[in-house]
Amino acid sequence: MTKYILVSGGVVSGIGKGVIASSTGLLLKTAGLKVTAIKIDPYMNIDAGTMRPTEHGEVYVLNDGGEVDLDLGNYERYLDVTLSKDNNITTGKIYREVIERERRGEYLGKTVQIVPHVTNAIQDWIERVSKVPVDNSGEEPDVCIVELGGTVGDIESAPFVEAMRQFQFRVGHENFALVHVSLVPDMHGEQKTKPTQTTVHALRGLGLLPDLIACRLLGPKPLERAAKDKISMFCHVASEQVIGVHDVSSVYHVPLLLQSQGIVDYLRKRLDLAALNISQEMVSKGLSLEAKWKGMTKGQERLFDDVKVVLVGKYTDLKDSYMSVVKALEHSAFRVKRKLIIQWVESSDLETATQETDPAKYHDAWRSVVGAGGILVPGGFGQRGTEGMVLAIKWAREQKVPFLGICLGFQMAVVEWARNVLGIPDATSSEFHPDAAHPFIIFMPEISRTHMGGTMRLGLRPTVFQPSANIVDPATTVDRPATPTTNGITTEPHVITNGIHLSALTWSKARKLYGNASTMWERHRHRYEVNPEEVSRLEDSGLIFVGKDERGERMQILELKDHPFFVGLQPHPELCSRPLNPSPPFLGFISAACGISVLEEQLEEQMETFKPPHPEGAMVSEETLRARTMEHPVSTGVGTMTGWGTPVMD
């Protein structure tokens, strides 16, 4: 029987439930258990695809193209699992399912109500998704962590709270535990427990009794013994069931903080985890994971050298807009043993208009850019701030500063090259100017996703690294297929076809970072692409597209040969980064920002040890992926599409 751990929150939202849920799951994995996770978001949206990043944080994209809450990124990073869109439940999804069932007559003419129909739909969804394998074992998870978003007592979350009250009886007491996260504010040196008492009282009134109370403290001061005892007394739990979670130097220390307070031992008894009969192989894997995680966190504390990079984005007002980007940078800094320093620059601050309206802001922004060890331009939608991105990219290219462009950053690198190398000053993207005379980035009339609603190229996609071509003797023509390796990737040292000798682009740093594979897989989220009619002109002038789609029609990775590190990717590699397996492009970028010797060292290590973070069954052809995600070509006659999932511009 699957064990369920519900993580709820009280007092305020954004209290850290996601990190605590992920950390709890990681600790259970170190005990040899297979863990999955579900996030409940009580908003009416079907998914996160239409939400403004500065309001809700980044839109996290999964292998199947699901656009979901950023907490699923926490789960995948901590637990090293691959989740699906069904691991994110929203009110919109549940209500849509109930209404569709009612329209099909499945309720046999009964009056459809919140209880029991909506609450049953929630429970059925959780029970179904909790059984789906999420790792390479292909086996059903032992434990499912369920995080209830928002705050207990909100009207939006009421149906979910009631569903979980019922669910504890459906699965049985020994299979259901509740961790309630509450704020313990510090008032002039005194830790106040009344907010926690109040939220636990409200929770108990709704029929849910917390097994563990995680007390969140905003500061480095741990939970005091007196406060712990008071919460224990007034919240009807034992002292060992009250856990303090204060600020630590890194979120990657949180699992160790929870472990030191006996959370695993408590859950082992409370959920009778010994009855799961964990194999010795899984126990060994768990111990290995624990050792690696402790080694990573301990190494952080002894870092003296730093690496300073600048993130030039358009949503810098809310840092969570770039959460996965920041995490990928952190993971890479761990690998090269450097302390990461990120300087945030709003891209519009680099533009001449800001120089006139706010000179101080303009000069501060440029001071950060010119002093950076590396320049990163991440994704986004809309025209605002893109001219500043182009200026930052120009500086990186001309001054030989390591550069990494993601999605919109990749596209702006193409525009910058067209303007300043090809000499086309009005080169632009049709996203900004639909009737532009020289659109080097154009709309991609591609897809419609039934039931997913995305009007973009979404989810995990293969990128084929391009070979270099040299004419050889036709008499020696031989066809040799790529050779698979044990890491689920293929290497392709050379192929001779029709008198053309095709060898790997040996100078490509991007390819080396992916273990010198012939194909790599990353997640996409975009609806514009490089204009195919301009590709030959761009490549002839020196902007090389080292990675393309399987048909060679879509440009997916660009690189400059005579530059310390200048790489752009149309996909979002940050979404698949792991603390113990950093994203290859980000690792290359951070290494280059540390110096050429560090980059060369990491390139050699990647070619020997890189292993993709995806399950073996996920690394398949584009045609197979398209069939799995119910993707169908769309012909609108005007080069536009309509549907769900349209991102908020600007």
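A polar contact here is a pair of N or O atoms within 3.5 Å, and within protein one must be able to donate a hydrogen and the other to accept it. Keep in mind that you're looking at a predicted model.

**Stop 1: Glu162.** Select Glu162 in helix 6 (residues 158–171). The side chains of Glu162 and Arg165 are joined by a polar contact of 2.8 Å. Glu162 also touches Val115 and Thr119, leaving out residues up to four places away in sequence. Is Glu162 buried, exposed or in between? The relative accessible area is 21%, so Glu162 counts as partly exposed.

**Stop 2: the largest nonpolar core.** Now pick Leu28, Ile145, Leu267, Leu329 and Leu376, which touch the most other members of this 89-residue core. The core lies between domain 1 (7–191 + 274–296) and domain 2 (303–469 + 508–629), because both give residues to it. Zoom in on Leu267 and, beyond its neighbours within four places in sequence, you'll find contacts with Ile5, Thr24, Leu28, Ala177, Leu212, Asp272 and Leu273. There's a second, separate core too, with 42 residues, including Trp366, Val377, Phe410 and Met555.

**Stop 3: salt bridges.** The model has 39 salt bridges. Start with Arg578 and Asp80, whose closest N and O atoms are 3.1 Å apart. This pair links distant parts of the chain, 498 residues apart: Arg578 sits in the loop between strand 29 (566–569) and helix 19 (584–594), Asp80 in the loop between helix 3 (71–79) and strand 5 (88–90). Colour by accessibility and Arg578 comes out buried at 4%, while Asp80 is partly exposed at 43%.

Next, select Asp211 and Arg270, a salt bridge at 2.8 Å between closest N and O atoms. Asp211 is in the loop between helix 7 (194–205) and strand 10 (212–217) and Arg270 is in helix 10 (residues 263–270), so the bridge ties together parts 59 residues apart in sequence. Both Asp211 and Arg270 are buried. Then bring up Lys39, Asp41, Asp69 and Asp71, which salt bridges with shared partners join into one network.

**Last stop: Asp47.** Go to the loop between strand 2 (35–41) and helix 2 (53–56) and select Asp47.

Technical notes:
Residues numbered from 1 in each chain as written. Predicted model: local features only at pLDDT ≥ 70, side-chain atom pairs only at ≥ 80, totals over all residues. Heavy atoms only, no water. Helix = DSSP H or I, 4+ residues; strand = E, 2+ residues; numbered from the N terminus. Core = buried A, V, L, I, M, F, W, Y, C linked by side-chain atoms within 4.5 Å. Buried < 20%, exposed > 50% of the residue type's maximum accessible area, 1.4 Å probe, protein only. Domains from an automatic or database assignment. Contact = heavy atoms within 4.5 Å. Salt bridge = Lys/Arg side-chain N within 4 Å of Asp/Glu carboxyl O.
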